[in-house]
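Please read the points with the coordinates open.

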Amino acid sequence: MSKRYAALLSPVRIGSTVLKNRMVFPNASPHFLQGPEDFPAEGYVSFTGALARNGAAIVTLAEWNHPHPRDNPKLDMGHMQYFDMNNPAVHNYISQMADEVHFYGSKLILSTDLTFPKGYSLNGGPGHGFPGMPPEMTEMMPAERMHEIIDAFVEKVTMYRDLGYDGVTMRVDSFMVPAEHERQDEYGGSVAGRMKLVIDAYAAVKRALGPSFITEVQCPGEQPMGYTGESAIGYTIEDTIEFATLAEDVVDIIQLREKDMCISHPTGYTFQKGEHPCVGYSIALKEAGVNILTEPIGGFQDPEEINELISSGKCDMIGMARAFFSNPNYGELLAQGRGEEITPCLWCNKCHGTILVDKPDPWLSVCSVNPRFGIEHKLHRLLKNSTGSKRVAIIGGGPVGMRCAIMAAEQGHSVTLYEKTGYLGGQLYHAESYSFKWPLRDFKNWEKRRMEELGVTVHLNNAPDPEALKGEGYDVVIAATGAQANLPRSIQGLRDENGKALVRTCHDIFGRESELGRHVVICGASETGIETAMYLAQNGHEVTLLTRQMEIGHDCSKLHYITMAWVKPNNDGSGKGHIAPAWEKFEDMLHGITEVTTKSVDGSTVTYVDKAGEEHTITADDVIICGGVSPRVDEAMRYADCADTFLMAGDCNGCGNIQRGMRDALAKVNMI
């Protein structure tokens with residue numbers, strides 16, 4: 001085993017339990033592995049085992065016991081793991097899943113919570129609600145009945161222990177935040193009072209199940225903005241230190257999250273590479289002498305960074321989910337010291353699914369860069385063994401073309417890639433300019449680097465003549481010619497009488513921003529249009545978006561609520577904040593006009609029709625069209641008879657995004 005990541009891969013002891021390394025997979029299950037089964041489906045079991053095989057020392061699985069989501073077809077949460085724990089036959093499947101985790105030397109822990117009798121909660125008032133459903137009003141649980149909650153908690157955790165689980169975890173920040181109407185007994189007021197029920201419950205678990213049964217709590221290090229009451233009271237890192245000090249005899253690990261949901265689930269919009277405020281919380285606990293293993297979480301993947309955090313004593317463990325999702329061999333690469341081969345996560349949050357769905361979508365939780373994610377249990381029948389080295393030509397150097405080249409080279413084929421422009425990356429070229437697209441830039445550069453490492457021959461500024469290519473004697477040609485921007489024919493004035501474009505598209509502006517005037521109109525406010533508008537606003541342009549939809553960014557996935565979001569503070573002095581779309585940062589520079597149809601463009605004047613049928617005009621310095629894209633099928637088909645095997649991959653094959661394109665690349669290379 002390589003010593004390159006020795007600290008990260010070193011074991012750690014809890015009682016007589018030894019964790020094989022410092023990597024924890026938190027509660028982050030994708031939303032598509034279960035159907036209507038009330039037992040672990042094969043896809044879910046395979047996913048769980050793969051996490052352990054891939055390096056996670058702890059695999060955390062949530063107990064989902066809310067009965068309503070499956071009754072609402074618009075709630076994607078209905079696809080989650082709801083198991084009938086009253087059925088002994090289901091217990092058998094749970095135990096088999098635990099055995100699979102244990103086979104790889106990992107531990108399985110339960111993510112759950114304290115359950116109050118119906119109609120009661122700790123402080124009374126609105127109880128815990130579920131998205132799309134109003135919370136029930138509750139009474140304050142009497143102090144003399146708190147033992148019922150603790151006894152039920154121990155009974156539940158013991159049942160899971162008997163089925164093979166090795167520990168328990170739960171979120172505790174809802175207890176940390178002072179209630180609007182504080183209890184006046186020993187369960188209210190101070191941090192010690194507010195956290196008494198949690199500490200007593202964990203102490204009871206340790207008494208019942210022994211010191212080697214792993215106990216973890218999850219909480220943001222602070223919540224300074226607050227989420228309850230008129231005074232918007234939160235809690236401080238000093239409060240967290242006080243709680244941890246009180247709990248250190250009964251809690252083994254404290255998972256430290258960021259202070260708001262946006263940063264806890266980082267994206268390119270909310271997170272800059274290398275920024276991890278939660279590490280500061282861990283350092284604060286260490287400096288205070290708290291005797292609990294600390295586990296920051298949120299946006300960790302780079303093994304060099306993680307190894308340094310642990311070796312320097314800033315933390316003891318790291319919680320990571322997307323690192324395992326985006327790489328089916330993350331642990332193997334660490335063990336062999338090959339961290340540079342780790343596929344960068346796009347931070348797109350698509351692996352989390354979405355909370356509300358308009359229609360079923362099998363791609364809701366599929367990883368954008370790991371085409372094997374979620375189908376591990378099917379690969380034995382989907383993939384075939386390679387039949388010897390072949391000469392392969394790839395036409396197109398976009399993300400899918402490059403991934404085809406990488407996968408083919410990894411299988412031992414001799415690969416040559418042709419790209420008609422002077423650069424690699426295709427539609428990811430814009431990532432070099434957009435500040436919030438750095439994850440895409442990293443992925444693009446990783447693909448380029450991997451091709452070089454694997455010896456792929458690359459010809460830039462070369463769109464090969466089909467006849468000449470035919471003469472090269474390739475065994476396989478894969479066309480990955482991508483897609484081109486549309487100029488909708490429903491809008492008048494976009495082309496001259498010879499068909500030449502008179503306006504720019506979103507794909508035309510990179511590197512030419514200085515040619516644009518201050519005021520720009522973008523016709524179309526899809527995700528592409530919005531991101532182009534944000535980019536231009538960052539560069540000093542005032543942008544007006546026109547869209548037929550009821551909102552701008554209508555197709556922007558609201559994955560886990562926050563994919564294109566940021567925390568916006570209120571201006572009323574309360575200190576509260578709310579999650580807002582990222583483009584609201586540019587409210588002085590970016591404006592949207594919704595429910596209108598663009599009719600025509602005449603130079604720099606746009607005519608549009610509102611929903612009442614009235615015409616309006618708007619004049620700008622420049623007009624940009626965001627009208628979607630069309631696959632370059634004709635360009636791909638030019639190479640259809642250039643080899644015995646011809647395949648099409650990516651956008652020219654109708655994929656439409658990186659997520660589908662990577663799966664298509666895997667499928668097409670598998671056909672070689």
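At what angle do helix H15 (residues 399-410) and helix H20 (residues 658-670) pack, and how far apart are their axes?

1. Helices H15 and H20 pack at an angle of about 40°, and their axes lie 9 Å apart. Axes here are lines fitted to C-alpha atoms, for helices over the stretch in contact, with angles running from 0 to 180 degrees between N-to-C directions; helices are DSSP runs (H or I, at least four residues) numbered from the N terminus. The crossing of H15 and H20 is right-handed, a term used where the near helix is turned clockwise from the far one by less than a right angle.

2. From H15, Pro 399, Val 400, Arg 403, Cys 404, Met 407 and Ala 408 make the contact (heavy atoms within 4.5 Å), and from H20 the partners are Gly 661, Met 662, Ala 665, Leu 666 and Val 669. By class, this contact of H15 with H20 has nine nonpolar, one polar and one charged residues, where Ala, Val, Leu, Ile, Met, Phe, Trp, Tyr, Cys and Pro count as nonpolar, Asp, Glu, Lys and Arg as charged, and the others, Gly among them, as polar.

3. The model is predicted, so local features need pLDDT of at least 70 and side-chain atom pairs count only at pLDDT 80 or more, whereas totals for chains, interfaces and linings use all residues. Residues are numbered from 1 along each chain as its sequence is written, and side-chain values use heavy atoms, with hydrogens and water left out.

4. Helix H2 (residues 42-53) and helix H3 (residues 88-103) have axes that come within 8 Å and cross at roughly 25°, which means that H2 is roughly parallel to H3 (angles under 35 degrees). The crossing is right-handed. Tyr 44, Val 45, Ser 46, Thr 48, Gly 49 and Ala 52 in H2 meet Met 97, Glu 100 and Val 101 in H3, a contact with five nonpolar, three polar and one charged residues.

5. For helix H8 (residues 237-247) and helix H10 (residues 277-287), the axes come within 10 Å and cross at roughly 50°. H8 passes H10 in a right-handed crossing, and Ile 237, Thr 240, Ile 241 and Ala 244 in H8 meet Tyr 281, Ala 284 and Leu 285 in H10. These residues divide into six nonpolar, one polar and no charged.

Definitions and conventions. Helices (H or I, at least four residues) and strands (E, at least two) are DSSP runs, numbered from the N terminus. Angles under 35 degrees count as roughly parallel, over 145 as roughly antiparallel, 65 to 115 as roughly perpendicular and the rest as oblique.
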